[in-house]
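Please look at the structure below and follow it from the whole down to single residues. The text begins with the surface and the overall build, then turns to strands, loops and charged pairs.

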Amino acid sequence: MSIEVRNISKTFGKFTALSNVSLTVQTGELVALLGPSGSGKTTLLRIIAGLERPDPGSGPILFQDENVARRGVGARQVGFVFQHYALFRHMTVFENVAFGLRVRPRKLRPAKAVIHQRVTKLLQLVQLETFANRYPHQLSGGQRQRIALARALAIEPKVLLLDEPFGALDAKVRKELRQWLRRLHDEIHVTSVFVTHDQDEALELADRVVVMDHGHVEQIGTPDEVFHSPSTEFVTTFLGQVNFFRGRVEGGKLYFATLACDAPEHAAASSQPVRVFVRPHDFEVDTHRNGAPAFKATVVRIHSAGPNARLDLVAESGEPLCVEMPLDRFRACGIGPGTQVFVSPRDIKVFTGDDQDTAPSDPEPIRSRQAQG
């Protein structure tokens, strides 16, 4: 079941939640709507579900090329999973999963034996068949969210929609559940769209990521595409940690942090100020010049707990920056606080023009904007 929305807008009073948004989700795809609070991702999900109506003049909402814009939630055959489970406290796990089937009109309601069989299979699918007679308060947060997912699947939805499904869980459980959900999706292949503000969750789970901000779609692509080939400054700075430098282009050369190198083709045409972004892992760090264009920097602080060492540096030109290097190489170099190093960028993102909303007013590294659990 494919999903397509065309030119969807939604306003709440004077606030524009969505502005002319279009999106296509292919059959069997798992797509993440990623963005900060207020970006419009949950509003878009609720419009797909039928929980919100788009503004007059918006385009169609197509399920497998059939316009469902005028249909209510029940007629769209959508399974919806909320952040806070929304389980019935007075019902057992089995009864919660069976609820959507038992409340159907009598003519559409499956027989008791069929309901029992379907619920049992779903509990096996989410690996909680031994918990059928327990109540929600007797389950962990991760178990409750799996039950909520089983309940959404019980009605055999054409589309599965998940709104911050792991947002209420701690970091360890979130990671375990998103790995589990990816495996489950690969097994059942139901077309799925989930909302998240957690970049790691989106990049790990999704087939494609829709990055949103202020009611607009900034970029749509695979996790590799949006992370390694961001099309806007916002995507560059929102996805992961990044260092920011002010620079300039003159005569086909890019100058920043006392470094001169060939300017990217799209920025080399004229002399102009530019904004330069480099991810911490895209720097090469050495204690001596290795022949590549490099600038001097001094080590201020070291964080070495983990597979990579993270170094806080101050460039000779005064900009603070953060770099990462493999732990074994860091140890081999004998780097410590106060060490002078040579920093060479391997991959540079350069933006020109007036799109400066994401650049800080002072030249300092932009930290990851991922929300903490």
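The protein exposes about 17800 Å², and carbon and sulfur atoms supply 48% of that area. The model is a predicted one. Taken along the principal axes, the box filled by the C-alpha atoms is roughly 75 × 50 × 30 Å. Within it, the chain forms nine helices and 20 strands. Of the 373 residues in the protein, 51% are buried. Contacts can also be sorted by how far apart the two residues are in sequence. Among contacts with a separation of 6 or more, 67% are between residues 24 or more positions apart.

Strand β17 (residues 308–315) runs antiparallel to β18, and seven bridges join the two. Take Asp-312 as an example: its bridge partner in β18 is Cys-322.

Is Val-299 buried or exposed? Its relative accessibility is 2%, so Val-299 counts as buried. Leaving out residues up to four places away in sequence, Val-299 touches Asp-312, Leu-313, Ile-335, Gly-336, Pro-337, Gly-338, Thr-339 and Val-341. For one of these, Pro-337, the separation from Val-299 is 38 residues in sequence, while the C-alpha atoms of the two are 5.1 Å apart in space.

A buried residue can also be found in a loop. Thr-92 lies in the loop between β6 and α2 (93–102). Thr-92 counts as buried because its relative accessible area is 9%, and the limit for buried is under 20%. Apart from its neighbours within four places in sequence, Thr-92 is in contact with Ala-132, Asn-133, Arg-134 and Tyr-135.

Leu-51, Val-73 and Phe-82 make a nonpolar surface patch of about 210 Å². Val-73 belongs to the loop between β5 (66–67) and β6 (78–81). With a relative accessibility of 35%, Val-73 counts as partly exposed.

Asn-7 has a phi near 50 degrees, a positive value in a residue other than glycine. Asn-7 lies in strand β1 (residues 3–12), and at 37% relative accessibility it counts as partly exposed. Asp-65 has a positive phi too, near 65 degrees, and is likewise a residue other than glycine. Asp-65 is found in the loop between β4 (61–63) and β5. Its relative accessibility is 64%, so Asp-65 counts as exposed.

The last topic is charge. Side chains of opposite charge can pair when their charged atoms come close. How many salt bridges are there? The count comes to 18 salt bridges. In one of them, the side chains of Glu-29 and Arg-208 meet at 2.5 Å, N to O. Glu-29 lies in the loop between β2 (15–25) and β3 (30–34) and Arg-208 in strand β9 (residues 208–213), so this pair ties together parts that are 179 residues apart in sequence. At 10% relative accessibility, Glu-29 counts as buried.

Another salt bridge is formed by the side chains of Arg-275 and Glu-233, at 2.4 Å, N to O. This pair also links distant parts of the chain: Arg-275 is in strand β14 (residues 272–278) and Glu-233 in helix α8 (residues 233–238), 42 residues apart. Both Arg-275 and Glu-233 are buried.

Arg-71 forms a salt bridge with Glu-66, and their closest N and O atoms are 2.1 Å apart. Here Arg-71 counts as partly exposed, at 30% relative accessibility. Glu-66 is partly exposed as well, with a relative accessible area of 40%. Finally, salt bridges can join into a network, as they do among Glu-284, Asp-286, Arg-329 and Arg-346.

Conventions. Residues are numbered from 1 along each chain as its sequence is written. This is a predicted model: local features need pLDDT of at least 70, side-chain atom pairs count only at pLDDT 80 or more; totals for chains, interfaces and linings use all residues. Side-chain values use heavy atoms; hydrogens and water are left out. Two strands pair if DSSP finds at least two bridges between them. Helices (H or I, at least four residues) and strands (E, at least two) are DSSP runs, numbered from the N terminus. Patches are made of residues with over 30% relative accessible area and no salt bridge: like charges are joined within 9 Å, nonpolar side chains (Val, Leu, Ile, Met, Phe, Trp, Tyr) within 5 Å. Accessible areas come from the Shrake-Rupley method with a 1.4 Å probe; for residues, only the protein chains shown count as cover. A salt bridge is a side-chain nitrogen of Lys or Arg within 4 Å of a carboxyl oxygen of Asp or Glu. Buried means under 20% relative accessible area, exposed over 50%, partly exposed in between (1.4 Å probe, protein chains only). Contact means heavy atoms within 4.5 Å.
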